[in-house]
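Hi,

Here is the model I promised to pass on. Have a look at it first, and my notes follow below.

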Amino acid sequence: MGDPRKQKKLFHRPRRIWTTDQLNAELYIMGSYGLRNKRELWKAQTEMARVRNQARALLALSTEARSEKEKRLLNFLSRIGLVKEGATLDDILGLKVEDLLERRLQTIVMKRMGTKSASQARQIVSHGHVSIGNRKINRPGYIVKTDEEAKILLHVEIPAAAPATGEGGGAAPAS
């Protein structure tokens, strides 16, 4: 059974982690979404693989047997914003890891609240300056549901970028 105090891994590592193409792709995704380490990326990849495997298993069933399970899966994915209403199982098979990473609280804060970078958005979330409704969320990897998106509040003012003067220093030269 295992020790209840030791959690099961939530991710599977790629079989070959040292291929150049895979390293470059992972590095690009990590930089784009401000992920702290590859474990966060691997968790998202494992979750997407789990959803796609469910869709493949449902496609193998007969039409009568899969109708209820298909409806539940599509409702779940539409609630978290991965598919639109009226989607099919083929739409689920077309999902990518980036679709799930777009639903993270860190990414939504970065894109909608006007932070300068993904790292700044991560810092704002982890320091507890973001709430959804009346709940303070301090996990950057929190998957935001579509009905929670409008309730995101930022409790700190983000300083605007200073206009570039074109000169090296911040002060204007005396005339």
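Let's start with the domains: the C-alpha centres of domain 1 and domain 2 lie 21 Å apart. The bounds, from an automatic or database domain assignment, are 20–100 for domain 1 and 104–154 for domain 2. Their contact (heavy atoms within 4.5 Å) takes 11 residues from domain 1 and 10 residues from domain 2. Together the two domains bury about 840 Å², with 51% of it on carbon and sulfur atoms; buried area here is the accessible area (1.4 Å probe) that two parts lose on being put together, summed over both. On the domain 1 side, Tyr33, Ile80 and Leu100 lose the most area to domain 2, together 45% of what that side buries.

Before you zoom in, note that this is a predicted model, where local features need pLDDT of at least 70, side-chain atom pairs count only at pLDDT 80 or more, and totals for chains, interfaces and linings use all residues. Residues are numbered from 1 along each chain as its sequence is written, and side-chain values use heavy atoms, leaving out hydrogens and water. The chain averages a pLDDT (the predictor's confidence in each residue, from 0 to 100) of 89, and 90% of the residues score at least 70.

One more thing to look at is a helix contact. Leu23, Glu26, Ile29 and Met30 in H1 meet Lys38, Leu41 and Trp42 in H2; helices are DSSP runs (H or I, at least four residues), numbered from the N terminus.

Cheers

Definitions and conventions: Helix = DSSP H or I, 4+ residues; strand = E, 2+ residues; numbered from the N terminus.
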